[in-house]
Number of protein chains: 2
Amino acid sequence: MSEKRQGLHTIVFPQSPRIIASATIAGPKEGDGNLGHYIDQLVSDPLMGEITPEKAERRLLYQVCNDALTKTSLTEKDISFFIGGDLLNQIIASSYCARDLGIPFLGIYGACSSIVEGLGLGALMIDGQYADTVLVATSSHYHASERQFRSPIELNIQHKASDQWTVTGAAAAVLGSRGEGPKVTKATFGRVLDYGIKRPTDMGAAMAPAATDTLCRHFRDTNTSPGDYDLILTGDLGSIGQKLFSHLIKESGYALGTKHIDIGAAMYKPQQRAGAGGSGCACSALGILGYVIKEMYRGKYRRVLAIATGALFSPLSYQQGDSITGIAHGIVIES
Amino acid sequence: MSEKRQGLHTIVFPQSPRIIASATIAGPKEGDGNLGHYIDQLVSDPLMGEITPEKAERRLLYQVCNDALTKTSLTEKDISFFIGGDLLNQIIASSYCARDLGIPFLGIYGACSSIVEGLGLGALMIDGQYADTVLVATSSHYHASERQFRSPIELNIQHKASDQWTVTGAAAAVLGSRGEGPKVTKATFGRVLDYGIKRPTDMGAAMAPAATDTLCRHFRDTNTSPGDYDLILTGDLGSIGQKLFSHLIKESGYALGTKHIDIGAAMYKPQQRAGAGGSGCACSALGILGYVIKEMYRGKYRRVLAIATGALFSPLSYQQGDSITGIAHGIVIES
């Protein structure tokens, strides 16, 4: 087997592509949350002066891409590829951002898991010497997601305790073969699992089996256990999905203990009334490119397994009686 | 520079990953069209016995993936990754197909250019030894696209001459490092270009600049010219977009002559009243994995440059006054 494969499905990056820069941006609610002081730029107006939340999301994404580039000595012209995705139909935030950046564009869709799909693919392109630098970015917006997936916020429909609150924000990383920064050393891409969950207000339950599957496959493939990581981060299971995940992972024979943080459950404070927690492409992205990377630079973590989860469905598939499936992609980041 | 890069943005695959199997499936209108005898399986009922076109599209995609696997000695368990995308919101055809296949899934979105984005990424994963085998597939469905992007067909709204007809069908390829089959030797991923087109009935015009840009960048990067290829295929510009493309490419100093075929313009016969021609993720996919691959096996073509084009927009971005942007991804396939 190639030195770039481990077990059945885990990819190894022997050249250790680096996250040479990252940037994060978010709205006021996220600023007031638990991760507020890890976010580079907090905007006071979630509409960014635009007339629609979709246009605002696009601005957040473009802004954060430029912020990430500004932290390097690179311009758009130096970047080989831009990998981006978001929750909007036909990922329009990412494609308009790609238009404005002018960098060759690979559009991806993994719902809220997109940031890790992108970082994994970007690391692969750099590790394999197919690119010198790759820009990876994702975004989401509460107002845009509510009206696309659920109901316009103007209807003021009561939230359920299991509802998750789409994070308004964006995050970007510049991956490179040279320079300083945390290394992406492995990736385990996820399978789509379906446990028959049918309520879009219950996404954590739909994603927990996928997070468990990817984590267990990663442990088996790499012959590692929770003790090998300083932190195991899951992305946006939320407080309810997190409990299910804990049960499932215990049943699989692993004890994560205090090493596990779910970034969805951790995003907001209880008094912020955000249901089961944060979600959206920006949720895991802020967790990984905000919290994890900054704490790595401070020396708190040296090796982190980050697993971003996504609920794969559309309002139409829900209306047609289909269940909500889940996916989870994992990467290992080392300082 | 790495031996895997040429010029600014073209990727070279020194290990020459192979298309070890491909399969195509389509509906009755496509069967009656010019490519009918290149399509492996024609279904008489575009609804595939399902109650909605979205569920039918999912069945077409799953069927064609299984057909491609059947042509090899491989099963789902032997495939490292499944790369898929489609036009439906949140690419639900691909994600439900991924659930049924059980293969780790990378969701992509490049509108009608998705098949080449997928083949390029899949070839990269195999060339770099990150995977032994990758399944790549895309689908589209006329009924599903009409009601999502334009109007339900039950309204019987008159088509315009510049309208394109979404192909009902799907195509899949198994890429592998070993075995027989045409080789994928290069990929040039596209930039998102915007020429201010605002009518969703005019997608060919929106995509022609991107096709020109990718083709010219490919020629420059690789130091090749039309004479180096037996066929230059563009995917779904349609008859109007094709004319614009011919003008733009001539202005750029290249003469393609009879070497150029646009698969959108070629898909249907004039008496089929399909407006400016075919479109949809299945259009380029049937052209490349049906027509091109079969004619390569027959010896007609030895080196083909296939450029799939996509119009990046959503009904919402159109309603919000945004223009329709275009992208085009290219790969070189050699027998």
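Student: How many residues does the contact take from chain A and from chain B in this predicted model?
Tutor: In this predicted model, two residues count as being in contact if their C-beta atoms, placed from the backbone, lie within 7 Å. On that basis, the contact takes 50 residues from chain B and, from chain A, 50 residues.

Student: Which element gives the most to the side of chain A that touches chain B?
Tutor: The elements of chain A that give two or more residues to this side include α2 (53-70), β6 (105-107), α4 (114-127) and β15 (325-334). By class, the side has 24 nonpolar, 17 polar and nine charged residues. The element that gives the most, with five residues, is α3(A).

Student: Why do the copies meet through the same surface?
Tutor: The interface residues of chain A can be looked up in chain B, and those that are also interface residues there decide the matter. The copies meet through the same surface because the share of such residues is 100%.

Student: What relation do chain A and chain B have?
Tutor: Chain A can be laid on chain B with an RMSD of 0.0 Å, by a turn of 180 degrees and a shift of 0.0 Å along the axis.

Student: Which residue of chain A comes closest to the rotation axis?
Tutor: The distance to the rotation axis is taken at the C-alpha. At 2.0 Å, the residue of chain A that comes closest is Ile108(A).

Student: What percentage of the residues in chain A is buried?
Tutor: A residue is buried if 20 or more other C-beta atoms lie within 10 Å of its own. Of the 335 residues in chain A, the buried ones make up 64%.

Note on methods:
Residues are numbered from 1 along each chain as its sequence is written. Chains are lettered from A and ligands numbered from 1 in the order in which they are written. This is a predicted model: local features need pLDDT of at least 70, side-chain atom pairs count only at pLDDT 80 or more; totals for chains, interfaces and linings use all residues. Copies are superposed by least squares on the C-alpha atoms of residues with pLDDT of at least 70 in both. Helices (H or I, at least four residues) and strands (E, at least two) are DSSP runs, numbered from the N terminus. Ala, Val, Leu, Ile, Met, Phe, Trp, Tyr, Cys and Pro count as nonpolar, Asp, Glu, Lys and Arg as charged, and the others, Gly among them, as polar. A residue is buried if 20 or more other C-beta atoms lie within 10 Å of its own, exposed if 12 or fewer, and partly exposed in between; C-beta atoms are placed from the backbone.
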